[in-house]
Amino acid sequence: MKTALITGITGQDGAYLAEFLLKKGYMVHGLKRRSSLFNTDRIDHLYHDSHEQGVKLKLDYGDLTDSTNLIRIIQEVQPDEIYNLAAQSHVKVSFDTPEYTANADGIGVLRVLEAVRILGLTERTRIYQASTSELYGLVQAVPQSETTPFYPRSPYAVAKMYGYWITVNYREAYNMYACNGILFNHESPVRGETFVTRKITRGVAKIALGLQDFLYMGNLSAQRDWGHAKDYVEAMWLMLQQDKPEDFVIATGVTTTVRDFIRLAFIELGIEVEFSGKEAFEKGVVIDMDVEKMQHNGLNPDVLRFGQTVVKIDPKYYRPTEVDLLIGDATKAHQKLDWQPKYDLQALVEDMVRSDLHLVKKDDHLRRGGFKTLNYFE
Ligand code: NDP
Ligand code: GDR
């Protein structure tokens, strides 16, 4: 039985990867941060009490900013594979917390690599580093491949650039099996709520149910190559099963504007939205409704009307420096890893909108039933 250590196991990718590795028969250890509230929602379905027999998933407290705990945990676990997914992963937030982001996302990678080296595990432990398409930043050429030059455009991307190169350096200097997965944006129903796709699918579900008036958005013209996290965690695993360590781009090869993602999400529920106006004055209004489709989705078409504005711009969501266009060329992964995504954009949007419609309905049901008004301090 192989043993894997996942940092960032409580995040979107960590949860999908843990599920994937458990299905493959791995013993999975996860590094989780201490927080004042439970932060294991995404992996609770995988977790069994440690007193039970044959437990295959164990969690340890730790933080990428603390090398002492990394050394201790890696020593205890003696992992065959480490997936370093932990990071302050929000690009906009990295402008507000640049130093912390550099510490966790940049130096954190060094701490993991050094822990493996110090403990004499360089021949045993294979390391996956969660690198990112944000490295390409200001467009140099498209589609972006493993040979496209980097031009990072945020404190997040600059920190990840350090993580990328220190991984390459440790591979070359110490002959370690360490790889960078340069993953383009990947989403899912458990994507963090402040990333653009999830913000849209949750907002669309609430608007369609009459529980929210507008989606306030930033730059609608940004183009992203969106895939499904479920497909991308398989690529992470494949990278660690090769004869020699290499870096790979993982992407769908299709790019879409934020504006079009919003259109597709509304259409999924039978609502057609058209955009007009420019930059901060752009807005999205309802131009058509498929009453049958809405009713089929359990929606009341009367909560919306033609010409109603549902999308507005709030410049606070603009970034000081933006990444305008990402479109990945994953030819190397197709050829060497035999990796192919199963979800296209339509299937991704459908998965996310369906899930959020269900969650929002459930929440509303509890609220109406009087179960959401508990105030601990009364
Ligand atoms: P999430 O933000 O969903 O998850 C991040 C994880 O890292 C969480 O478990 C979080 O813990 C943990 N974490 C954050 N800071 C620390 C720290 N200092 N010490 C220990 N753990 C920490 O990100 P994703 O799952 O989407 O992404 C996984 C990785 O892949 C990240 O490194 C991200 O930068 C990178 N990436 C993501 C892409 C994407 O499109 N999703 C694309 C390319 C790269 P907590 O739950 O407590 O907050
Ligand atoms: P990104 O993802 O920055 O690409 O990083 P995000 O979903 O935050 O933004 C994508 C694009 O949408 C534009 N945008 C908005 N973004 C957010 N969050 N909220 C808004 O209201 C909004 N309006 C428009 C953004 O300007 C941007 O152009 C993600 C993260 O998962 C990183 O960790 C990862 O490395 C990269 O993807 C690949």
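Strand 1 (residues 3–7) and strand 4 (residues 81–84) run parallel and are joined by 4 bridges; strands here are DSSP runs of E of at least two residues, helices are runs of H or I of at least four, and both are numbered from the N terminus. Within this predicted model, local features need pLDDT of at least 70 and side-chain atom pairs count only at pLDDT 80 or more, while totals for chains, interfaces and linings use all residues. Residues are numbered from 1 along each chain as its sequence is written, with chains lettered from A and ligands numbered from 1 in the order in which they are written. Across from Thr7 sits Asn84 of strand 4.

Zooming out, the sheet is an open one of 7 strands, ordered 3-2-1-4-5-6-11 and paired in parallel, where a pair requires at least two bridges found by DSSP between the strands. The edges go to strand 3 (57–61) and strand 11 (248–250); each has a single partner strand, so one side of each is left without a neighbour in the sheet. From one strand to the next, the twist averages 20° (axes are lines fitted to C-alpha atoms, for helices over the stretch in contact, and angles run from 0 to 180 degrees between N-to-C directions).

Two helices cover parts of this sheet. Helix 2 (residues 67–77) packs on it and touches strand 1, strand 2 (27–32) and strand 3, with a direction at about 160° to that of strand 1; contact means that the C-beta atoms of two residues, placed from the backbone, lie within 7 Å. Helix 4 (residues 98–118), for its part, lies across strand 4, strand 5 (126–132) and strand 6 (178–183), and runs at about 170° to strand 5.

Helix 2 and helix 4 also meet each other: their axes come within 9 Å and cross at roughly 45°. The pair is therefore oblique, given that angles under 35 degrees count as roughly parallel, over 145 as roughly antiparallel, 65 to 115 as roughly perpendicular and the rest as oblique. Their crossing is right-handed, the term for a near helix turned clockwise from the far one by less than a right angle, with anticlockwise giving left-handed. Helix 2 brings Ser67, Leu70, Ile71 and Ile74 to the contact, and helix 4 brings Arg111, Val112, Ala115, Val116 and Ile118. By class, that is 7 nonpolar, 1 polar and 1 charged (Ala, Val, Leu, Ile, Met, Phe, Trp, Tyr, Cys and Pro count as nonpolar, Asp, Glu, Lys and Arg as charged, and the others, Gly among them, as polar).

The axes of helix 6 (residues 196–208) and helix 11 (residues 345–368) come within 8 Å, crossing at roughly 50°, which makes helix 6 oblique to helix 11. This crossing of helix 6 and helix 11 is right-handed. Among the residues involved are Thr197, Arg198 and Thr201 of helix 6, along with Met352, Val353 and Asp356 of helix 11. The contact of helix 6 with helix 11 has 6 nonpolar, 2 polar and 4 charged residues.

Two backbone details turn up in loops. The peptide bond from Val142 to Pro143 is cis, with omega near -10°, and Pro143 lies in the loop between strand 5 and helix 5 (155–174). Asn175, though not a glycine, has a positive phi of about 60°; its place is in the loop between helix 5 and strand 6.
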